[in-house]
Every structure is written in C-alpha cells, then in structure tokens.
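Trainee: I would like a close look at one part of this model, the paired strands and what surrounds them. Please take it step by step.

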Amino acid sequence: MFDYRFNNYKGIDVKHYRKKALRYYGDSCNRCGINENLQVHHKDRNRSNNELDNLEVLCYDCHSEEHKNEFKRERCPETGRFLSEEKESDVHV
Ligand SMILES: [Zn+2]
Ligand SMILES: [Zn+2]
C-alpha cells in the first residue's frame with residue numbers, strides 16, 4: 001500500500017477510471033475510431049494503476065486484439081470475452 005496512486009484512488013476514484021479515460025481521450029476507440037463497445041485498457045496490465053497515461057480507450061475488437069496472446073486460456077468460450085480483465089467494461093457507458 002506504499003503506492004501513493006493506489007492510496008489516492010482507493011475508494012474515491014478507482015471506479016471512475018472509465019469515465020475519466022473517456023472524458024480525457026474522447027468516447028471513441030483510440031485505434032479504429034468507432035464509438036461502440038468501448039472498454040478501457042490498462043497499458044501496463046495493472047488495474048490498480050488508473051493514471052491517465054496508463055489508460056487507453058479501445059473498442060472490444062481492438063481490445064481483444066491487444067490481449068489475444070495473453071489470456072487465451074481465460075476467455076469465455078461462449079462470449080469470447082476475457083475473464084481475467086476489465087469485467088466491469090461490459091457495462092456500456
Ligand atoms: Zn477499435
Ligand atoms: Zn486491456
């Protein structure tokens with residue numbers, strides 16, 4: 001708990017990183033530009049690091065592409081969604 005960023009955001013802003021990222025970067029995919037099925041990606045894969053420079057707005061397709069080599073074993077076989085990261089992103093903003 002020595003990470004000042006974690007302490008700053010705990011209980012205050014950690015649930016709002018999606019809104020923060022979308023407000024800052026805009027509500028469209030950073031890679032292909034569409035504005036549907038948007039998710040917020042953690043560039044360093046650390047979901048406790050919600051600094052803006054660690055966040056990236058991606059659509060579901062681009063986000064899947066980003067992680068396709070990482071979480072193969074943890075994808076839901078029915079939906080194809082990743083089970084280990086960013087579950088909250090199923091909620092559309
Ligand atoms: Zn995209
Ligand atoms: Zn991600």
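Which residue in E2 is the bridge partner of histidine 42?

Mentor: The bridge partner of histidine 42 is leucine 55, in E2. Before going on, note that this is a predicted model, in which local features need pLDDT of at least 70 and side-chain atom pairs count only at pLDDT 80 or more, while totals for chains, interfaces and linings use all residues. Residues are numbered from 1 along each chain as its sequence is written, and chains are lettered from A and ligands numbered from 1 in the order in which they are written.

The pair of strands comes first. E1 and E2 run antiparallel and are joined by five bridges; two strands count as paired if DSSP finds at least two bridges between them. Besides the pairing of histidine 42 with leucine 55, leucine 38 stands opposite cysteine 59 in E2.

Next, how enclosed are the strands? A residue is called buried if 20 or more other C-beta atoms lie within 10 Å of its own, exposed if 12 or fewer, and partly exposed in between, with C-beta atoms placed from the backbone. Four of the five residues of E1 are buried, so E1 is largely enclosed by the rest of the structure. E2 is also largely enclosed, because four of its five residues are buried. Over the 93 residues of the chain, 16% count as buried.

Leaving out residues up to four places away in sequence, valine 57 touches Ala21, Leu22, Tyr25, Cys29, Asn30, Leu38 and Val40. Leucine 58 is in strand E2 and counts as buried because it has 25 C-beta neighbours inside 10 Å. Beyond four places in sequence, the contacts of leucine 58 are Cys29, Asn30, Arg31, Gln39, His41, His63 and Glu66. Leucine 58 and isoleucine 34 are 24 residues apart in sequence, and their C-alpha atoms are 8.9 Å apart in space. Across the chain, residues 24 or more positions apart account for 48% of the contacts with a separation of 6 or more.

The loops on either side of E1 come next. Serine 28 is in the loop between H2 and E1, and is partly exposed because 16 other C-beta atoms lie within 10 Å. Its C-alpha atom is separated by 7.6 Å from that of cysteine 59, 31 residues apart along the chain. Asparagine 37, in the loop between H2 and E1, has a positive phi of about 55 degrees although it is not a glycine. Arginine 45 has a positive phi of about 65 degrees, and it is not a glycine either; this arginine lies in the loop between E1 and E2. With 13 other C-beta atoms within 10 Å, arginine 45 is partly exposed. Arginine 47 also lies in the loop between E1 and E2, and its C-alpha atom is 9.8 Å from that of tyrosine 17, 30 residues apart in sequence.

Last, confidence. pLDDT is the predictor's confidence in each residue, from 0 to 100. The chain has a mean pLDDT of 77, and 61% of its residues reach 70 or more. Among its elements, E2 has the highest mean (97), and helix H1 (residues 4-9) the lowest (48). Over residues 87-93 pLDDT stays under 50, and the model has six contacts for them beyond four places in sequence. Where pLDDT is low, the predicted coordinates should not be read in detail.

Conventions. Contact = placed C-beta atoms within 7 Å. Helix = DSSP H or I, 4+ residues; strand = E, 2+ residues; numbered from the N terminus.
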